[in-house]
Amino acid sequence: MLQEYNEIPSEFYSHLKIFHELMAIKVREILFVSSPYDAFILEEDGSPASRIINEYSGLNLSLPPRVTRASSAREALSHLNKKDFDMVLTMPNVDDMDAFSLGLEIKKINPSLPVILLAHNPREIYPLTKKKDFKGIDRSFIWSGNSDLLLALVKNVEDRLNVGRDTQKAMVRVLILVEDSPVYFSYFLPLIYKEVVKQTQAVLEVGINEEHRLLTMRARPKILLAENYEEALELCQKYRSFLFGVISDTRIPRNGKMVDDAGFVLLSQMRKEIPDLPLLLMSSKSSNKTKADQIPAVFLDKNSPNLLEELHNFFLNNLGFGDFVFRMPDGTEIDRASNLRALEAKVAKIPDESLCYHAKRNHFSNWIMSRSEIPLASKFREVKASDFSSAHDMRSYIIANVHALRKWRQKGVVAQFKSHNFDADIMDFVKIGQGSLGGKARSLAFMSALLHQNPTIYENYPEINIEIPKTLVVSTDGFESFIKLNGLKDFATQSFTNEEINAVFLKAVMPEWLVKELEVYAAQVKYPLSVRSSSLLEDAQFQPYAGIYETYMIPNNHPEFSKRLEHLITAIKLVYASTYYEEAKAFSRSTSNQPQEEAMGVIIQQLTGEEYGDYFYPAISGVAQSHNFYPISKMKPEEGIAHIALGLGKTVVEGGRTVRFSPKYPSVMPQFSMVDDILANAQRFFYALQIRNYPDELNFLEYSNLVKREVDDAEAEYAVKLLASTYVPDEHRIRDAGYLPGPKILTFAQVLKYNIFPLSHLLSDMLELGRKSMGCPVEIEFSVNLSSDKKKKSEFFFLQMRPMVAGGEMFEVQITRQEIEEAFCISYQALGNGKNEKIADIVYVKPDDFKPEATIQMAGEIDKLNDGLVKEKCPYLLIGPGRWGSADRWLGIPVQWRNISGVDAIIELRNETLKADPSQGSHFFQNITSLGIHYITVTENSEDHFDWEWLDSQPASQETTYLRHVRLDKPLTLKINGKTSQCVLINNN
């Protein structure tokens with residue numbers, strides 16, 4: 001059974017790790033030794049240093065070496081004794097010592113230091129070699145004024161120093177040049193290097209990013225020079241498994257004597273050993289073409305007026321750098337492929353005869369090898385056409401492997417969007433524009449790379465597809481261009497309602513260059529999309545702007561392309577508009593950032609989920625945190641916490657009804673401890689995207705195009721059947737099966753108790769990976785598709801990662817027994833650490849007047865009191881029942897950040913009226929904690945304590961229908977011990 005491509009060891013493609021390790025030995029420092037006259041001749045068209053720099057720049061190579069010049073042997077030896085050099089380049093005529101004697105002296109100082117002789121003509125080499133010991137010279141070249149030679153010398157030294165390690169490490173290919181004449185190899189070597197570098201650059205797949213291209217250049221073929229038959233044969237045998245091609249002169253030395261056909265003998269032997277190896281025989285005699293035909297090998301006449309073109313053609317046609325030319329067995333050309341994408345498409349269509357013709361000659365392997373895709377090329381070379389039972393099987397094998405390679409090489413890479421070669425099928429993470437990705441996209445890109453570098457997480461869960469949804473990021477220069485084009489900069493500093501901002505932004509014109517890019521994208525992408533913010537400041541470490549900006553979902557399946565594009569552009573404009581909403585401005589001011597400093601990237605992401613009739617949603621959406629602020633029972637803070645819900649994640653991040661559990665103990669759920677608790681706390685509604693029968697203009701401003709559905713209405717859908725339990729009224733019991741008759745209750749028992757999907761284990765691993773990589777506790781958002789088809793894997797989608805501000809226990813806060821006795825408030829579930837003596841104002845919901853149905857009105861009253869306190873610069877303590885910031889008005893007061901922007905501490909009361917779980921899974925909660933605002937939970941009828949009698953006795957500064965504002969003469973004292981989560985508030989009046 002032939003292996004699938006994705007079974008190739010992952011280390012070959014682990015985010016280009018292997019390329020980072022290639023070419024470990026670089027020539028950084030060159031000592032150039034020459035007489036003043038030779039230096040003058042050489043510098044007529046620029047110094048050696050500037051020539052090398054120009055050549056490196058022209059070919060987009062890495063940092064060029066630095067050149068130090070010495071005008072005498074004495075000066076050169078002095079430099080060598082003081083400083084390390086990687087290579088010595090010497091001219092023959094040096095004042096106080098000839099080059100060969102200098103070489104011997106250099107070898108005494110450093111025997112392994114390469115010493116290269118650069119002569120003006122052969123007479124400066126050969127006459128001297130008869131009299132002098134030339135063991136101090138590693139190689140001699142002829143300088144003819146061609147600055148390409150200097151580049152070739154440096155690269156050839158690097159190749160010799162790295163070839164052993166790089167071939168073993170990454171199977172890098174080797175091209176051998178066999179030539180004894182310094183005149184000719186000084187001519188050919190630069191040509192070959194320039195051709196190899198240029199062709200390697202030309203064939204690198206477009207669409208990958210610049211880092212990928214530069215690193216892949218390190219895997220170009222090594223070029224080794226041999227000056228005689230024995231040296232050439234030794235190199236061929238040593239690197240036999242890595243040979244890319246051999247170029248040889250016909251007449252070369254053998255056993256110390258010039259032999260007319262030694263090159264012919266060498267290539268003939270290599271043809272027997274490796275039948276498909278590209279070979280080139282050179283000669284000054286055109287009659288030797290007959291010998292080349294006998295091998296067979298390509299022939300190159302050294303005297304040909306078209307020598308450069310013929311050498312170029314050898315690289316294109318024989319070494320595989322050009323198009324893949326599909327031919328029939330008689331040589332007739334039937335098609336071409338210029339890149340891997342085209343190769344995959346055209347292999348599917350060519351006749352069987354052409355497929356077998358190329359496969360038998362290893363043409364696919366050679367062509368892929370030239371693109372530095374060494375593992376797949378090597379794998380193709382090991383497989384024979386005879387291993388397949390039919391041409392169809394062989395065709396399927398080639399297509400599947402090339403496709404898997406194209407997909408795999410995009411993993412962990414942020415590719416630059418280019419309209420002419422965008423391929424939505426394989427490109428996982430693409431960027432439009434040259435600006436910043438923004439914070440949210442940056443964390444996604446980081447996690448994509450991190451998963452790619454840690455393949456064990458895939459190996460540990462082979463039954464699950466673990467993915468980041470396909471992502472396109474419009475970088476911040478799209479936003480800046482949009483703002484500038486439409487003159488919208490004043491919105492950063494002036495005050496407008498959200499509705500006014502939306503109206504202006506929707507009428508504004510999107511930059512033409514961006515529209516063209518989006519047209520290409522939308523033409524290929526047909527699945528539902530999530531259009532999300534990715535501002536510069538969003539998800540920044542210790543200041544995550546969680547949920548501050550808008551997100552929109554679009555079905556992206558309208559029959560008219562123009563409508564699909566219009567929906568996409570509308571969503572982007574509205575995300576841009578949310579940059580200047582009052583909520584965002586208020587939060588920026590709280591973090592000491594200015595709204596005008598903000599710039600917005602946009603993430604356009606594949607929406608995760610499955611189709612259920614007219615709706616689209618994932619089985620599970622959730623948030624998991626690596627730090628649990630409210631551990632109970634045997635839980636520990638560092639074991640983390642997760643909140644999950646049916647449908648899209650709006651339920652979770654806005655503080656709706658969710659299932660809360662520790663990944664370490666998934667069956668311990670305090671909110672589901674009793675049947676009555678389950679009935680009271682279970683999720684009743686969920687969000688889905690309507691993908692059929694929706695209005696042409698969509699409902700952008702209501703639920704961001706989502707539909708709020710009742711769980712009961714979806715009980716026939718697979719996700720609900722699987723995740724729900726059934727309430728049996730006669731028994732007052734809940735049975736863990738959704739297929740029984742009776743009311744459905746979402747308990748997620750099949751996942752959390754029976755582990756049909758290993759969610760808890762996977763979350764633990766993901767949280768630990770995120771925590772280690774970011775160096776702090778993290779919060780991740782995720783979704784799960786549960787497959788009803790046993791042949792199809794279930795899917796886990798990683799949607800977002802941001803840092804958490806957990807701990808803060810930099811110093812220990814002692815709370816004494818006396819302080820406990822004096823406190824009007826005591827809590828054992830407090831977040832933060834430290835002491836606050838700035839709060840003299842208290843705003844609280846009057847317990848006797850609280851009505852769950854009036855929470856929206858309460859949020860409005862809080863907003864007005866907050867405005868006044870902010871203007872007076874008076875930080876305050878806010879007290880109220882239920883879950884602060886929840887979008888579900890029945891779980892708590894649905895304030896947004898702008899409504900409480902002046903708050904310094906919050907008390908969340910848990911009582912029988914509103915017995916909601918702590919709100920730590922919501923965006924609101926994450927932003928509160930990131931700002932260092934003390935968050936205190938007081939559970940009534942527990943060891944916690946709150947003195948209502950004292951608070952109600954204080955004179956009111958302001959009073960509304962549901963709220964009371966008290967101002968104390970002296971600030972109160974708030975102390976929290978972050979290690980024990982204990983808190984006291986003490987009245988100092």
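**Figure 1. Overview of the predicted model.** Of the 989 residues in the protein chain, 59% are buried. The model is a predicted one. The chain holds 34 helices and 45 strands. Among its contacts with a separation of 6 or more, 72% join residues 24 or more positions apart.

**Figure 2. An open sheet of 5 strands with parallel pairing.** The strand order is E2-E1-E3-E4-E5. Strand E2 (66-70) and strand E5 (139-142) are at the edges with a single partner strand each, so one side of each has no neighbour in the sheet. On average, and with direction ignored, neighbouring strands are turned by 25° against each other. Strands of a sheet pair through backbone hydrogen bonds, either parallel or antiparallel. Strand E4 (residues 115-119) is joined to E5 by 4 bridges in the parallel sense. In this pair, Ala 119 stands opposite Ile 142 of E5.

**Figure 3. Helices H5 and H7 on the sheet.** Helix H5 (residues 99-109) lies across strand E1 (29-33), strand E3 (87-90) and E4. Its direction is at about 165° to E4. Helix H7 (residues 148-170) also packs on the sheet, where it touches E1, E3, E4 and E5. The direction of H7 makes about 155° with that of E4.

Figure 4. Phe 85 has a relative accessible area of 7%, which is under 20%, so it counts as buried. Leaving out residues up to four places away in sequence, Phe 85 touches Glu 29, Ile 30, Leu 31, Thr 68, His 79, Leu 80 and Leu 113. Asn 110 is 25 residues from Phe 85 in sequence, and their C-alpha atoms are 9.7 Å apart.

**Figure 5. Strand E7 (residues 222-226) and its partner E6.** In E7, 5 of the 5 residues are buried, so the strand is largely enclosed by the rest of the structure. In a regular strand the side chains alternate between the two faces of the sheet. Both faces of E7 are covered, with Lys 222, Leu 224 and Ala 226 buried on one side and Ile 223 and Leu 225 buried on the other. Strand E6 (residues 174-178) pairs with E7 in the parallel sense over 5 bridges. Leu 175 has Ile 223 of E7 as its bridge partner.

**Figure 6. Crossing of helix H22 (residues 498-507) and helix H24 (residues 561-577).** The two axes come within 9 Å and cross at roughly 135°. This angle makes H22 oblique to H24. The crossing is right-handed. H22 contributes Ile 501, Asn 502, Phe 505 and Leu 506 to the contact, and H24 contributes Thr 570, Lys 573, Leu 574, Tyr 576 and Ala 577. By class, these residues are 6 nonpolar, 2 polar and 1 charged.

Figure 7. Most residues other than glycine have a negative phi, and most peptide bonds are trans. The peptide bond from Ile 295 to Pro 296 is cis, with omega near -10°. Asn 693 is exposed, with a relative accessible area of 67%.

Note on methods. Residues numbered from 1 in each chain as written. Predicted model: local features only at pLDDT ≥ 70, side-chain atom pairs only at ≥ 80, totals over all residues. Heavy atoms only, no water. Axes fitted to C-alpha atoms, helices over the stretch in contact; angles between N-to-C directions. Helix = DSSP H or I, 4+ residues; strand = E, 2+ residues; numbered from the N terminus. Parallel < 35°, antiparallel > 145°, perpendicular 65-115°, else oblique. Left-handed = near helix turned anticlockwise from the far one by under 90°. Contact = heavy atoms within 4.5 Å. Nonpolar A, V, L, I, M, F, W, Y, C, P; charged D, E, K, R; others polar. Pairing = 2+ DSSP bridges. Buried < 20%, exposed > 50% of the residue type's maximum accessible area, 1.4 Å probe, protein only.
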